[in-house]
Amino acid sequence: MGLSALFRELSGRSGDDAGESANRASVAGASRDSKAVSDPVRIRFRFVGTVQAVGFRWTTTNLAKQSGATGWVRNEEDGSVTAEIQGAPDQVEYVIDGLDQYYNGTSWSGGFQLAVREYLPLVKGETSFRVAFTNHP
C-alpha cells in the first residue's frame, strides 16, 4: 500500500482503493471497522530504505510528540526501522506524512518505503512516544 492509500484509509476518504478502505480487513488479530475515524488506532510500521544514520528515529519521535501520538520507534538489525504509533488517525497520518515530506521530499536522503503496516490492539495507559533501544520496547 502506498502512502496516499494509507492516508485515505486513516482518514476514511475514498479513492482508487475504496474497497480496501471500506472493508478494513482484520490484520494480525486487530481490525478496523466502521467506527468513527477519530477512534484511536495503533499501527506497527516497518520502514526500509535510507532510515538508519539519518535521524529517522528522532524525527519520528519529534513528529509523534508534536501530534500527541504515543508509542515507540527503534532500529532493527537488518537496517530497517520499526515504529508503533498510537493515536487518532489524523495524529498517525501527521507522523507518516511528516516523515514522507522530510525523507522522500529531500534530495539528500535516499528515501524510505513502508514494508509492513499492521493494525494492533491499543496499549492502555501509554502516555508518551519514545525511542526504544532493545527488542522489547
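In what sense do β2 and β3 pair, and over how many bridges? They pair in the antiparallel sense, over six bridges. Two strands count as paired here if DSSP finds at least two bridges between them.

Before I continue, a note on the basis of this talk. This is a predicted model, in which local features need pLDDT of at least 70 and side-chain atom pairs count only at pLDDT 80 or more, while totals for chains, interfaces and linings use all residues. Residues are numbered from 1 along each chain as its sequence is written, and side-chain values use heavy atoms, with hydrogens and water left out. Helices (H or I, at least four residues) and strands (E, at least two) are DSSP runs, numbered from the N terminus.

Let me turn to the sheet. Five strands form an open sheet with mixed pairing, in the order β4-β1-β3-β2-β5. Because β4 and β5 stand at the edges with a single partner strand each, one side of each is left without a neighbour in the sheet. From one strand to the next, the twist averages 15 degrees.

Next, the helices. Helix α3, residues 56-67, lies across β1, β2, β3, β4 and β5, and runs at about 170 degrees to β5. Helix α4, residues 89-104, packs on the sheet and touches β1, β3 and β4, and its direction makes about 10 degrees with that of β1. Contact means heavy atoms within 4.5 Å. Axes are lines fitted to C-alpha atoms, for helices over the stretch in contact, and angles run from 0 to 180 degrees between N-to-C directions.

I now come to the charged side chains. The structure holds six salt bridges, each defined as a side-chain nitrogen of Lys or Arg within 4 Å of a carboxyl oxygen of Asp or Glu. One of them joins E84 to R42, with the closest N and O atoms 2.8 Å apart. This pair links distant parts of the chain, since E84 belongs to strand β3 (residues 81-87) and R42 to strand β1 (residues 41-49), 42 residues apart. R42 also meets E126 in a salt bridge, at 2.6 Å from N to O. Here the two residues are 84 apart, E126 being in the loop between β4 (112-120) and β5 (129-131).

E126 is partly exposed, at 23%.

A further salt bridge joins R46 and D78, at 3.7 Å from N to O. R46 is in strand β1 and D78 in the loop between β2 (70-75) and β3, 32 residues apart. R46 is partly exposed, with a relative accessible area of 26%, whereas D78 is exposed, at 56%.

Finally, I consider T82, which has its place in strand β3. T82 is buried, with a relative accessible area of 7%. Its side chain is joined to that of E76 by a polar contact of 2.8 Å. A polar contact is a pair of N or O atoms within 3.5 Å; within protein, one must be able to donate a hydrogen and the other to accept it, and residues adjacent in sequence count only if both atoms are side-chain atoms. Not counting residues up to four places away in sequence, T82 touches R44, F45, R46, W72, V73, R74 and E76.

How values were computed:
Buried < 20%, exposed > 50% of the residue type's maximum accessible area, 1.4 Å probe, protein only.
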